[in-house]
Amino acid sequence: MFKKILAAVAVTAGLLLAAPAAANAVNYTDGAQCKFDVSVAEAGGTATLICIPGTWSPGEAINWTVSGQDGAGFKLASLRTADTSLTFTKHANADGSDVLTVTLPASASGTYSVVGLGQSSGHECPASLTVLPADQASTVLDPGSSDGLAHTGSVVASWAAWMGGSLVVLGLIALAIVGWVRKVKAS
């Protein structure tokens, strides 16, 4: 009876530890969010907004709206405007990706909001960029990993995996001790 219970516990533990890995094997790019390559930029500089493949429908027309403090002189895809916001329509690439290079005005400061709205999918993709005035020193942080790829690991904390593995090993050691004790008592 004890062996059956232990076997059931071992199978359940194995399934619980394997489920997050199976869930991460699926490609969840449809409707993904767009992100700037930097989180903070300096006035007069540039930033690139990147939408990964599958964010938009292939070739879909996207209405981009940029707004922020002192939007006069803002450039998006080589289009200049004198308004405090800019609206621009661009088509997504064949794989559903899109890349926008944003040139910030020299007088820019504060947070700028860039929102893309797919005309056929209705998917809305907001992104924001913080701009420091040109006279302040800025530190640009890259939120990605050192190789430029996003972290796509399991949602189970590594300590939980180690704890589960340790419990399985301790259970096997306990079984070996119980078996050895029975063998000693029998002889």
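Let's start with the charges: the structure holds one salt bridge, a term used here for a side-chain nitrogen of Lys or Arg within 4 Å of a carboxyl oxygen of Asp or Glu. Keep in mind that this is a predicted model, in which local features need pLDDT of at least 70 and side-chain atom pairs count only at pLDDT 80 or more, while totals for chains, interfaces and linings use all residues. Residues are numbered from 1 along each chain as its sequence is written, and side-chain values use heavy atoms, with hydrogens and water left out.

Side chains of opposite charge can pair when their charged atoms come close. Here the partners are Lys90 and Asp98, whose closest N and O atoms are 2.9 Å apart. Lys90 counts as partly exposed because its relative accessibility is 24%, whereas Asp98 is buried, with a relative accessible area of 1%. Buried means under 20% relative accessible area, exposed means over 50%, and partly exposed lies in between (1.4 Å probe, protein chains only).

Now step back to the whole chain. The protein chain has two helices and 10 strands, in the order α-β-β-β-β-β-β-β-β-β-β-α from the N terminus on. These elements are DSSP runs numbered from the N terminus: helices are H or I with at least four residues, and strands are E with at least two. Buried residues make up 25% of the 187 residues. Contact means heavy atoms within 4.5 Å; among contacts between residues at least 6 apart in sequence, 70% join residues at least 24 apart.

Next comes the interior. In soluble globular proteins, nonpolar side chains tend to be buried together. The largest nonpolar core has 24 residues, and those with the most contacts inside it include Cys34, Phe36, Leu49, Trp56 and Trp64. Such a core is a set of buried Ala, Val, Leu, Ile, Met, Phe, Trp, Tyr and Cys residues joined through side-chain atoms within 4.5 Å. Strands β3 (46–51), β4 (61–68), β8 (98–103), β9 (110–118) and β10 (124–132) each supply at least two residues of this core, and the largest share, four residues, comes from β10.

Cys34 lies in the loop between α1 (2–23) and β1 (35–36) and Cys51 in strand β3, so the pair ties together parts that are 17 residues apart in sequence. The link is right-handed, with 110° about the S-S bond. Cys34 counts as buried at 3% relative accessibility, and Cys51 counts as buried at 2%.

Finally, look at the outside. Trp159, Met163, Leu167, Val169, Leu170, Ile173, Ile177, Trp180, Val181 and Val184 form a nonpolar surface patch, with about 1100 Å² of accessible area together. Patches are made of residues with over 30% relative accessible area and no salt bridge, with like charges joined within 9 Å and nonpolar side chains (Val, Leu, Ile, Met, Phe, Trp, Tyr) within 5 Å. Accessible areas come from the Shrake-Rupley method with a 1.4 Å probe; for residues, only the protein chains shown count as cover.

Technical notes:
A disulfide is a pair of cysteine sulfur atoms within 2.5 Å.
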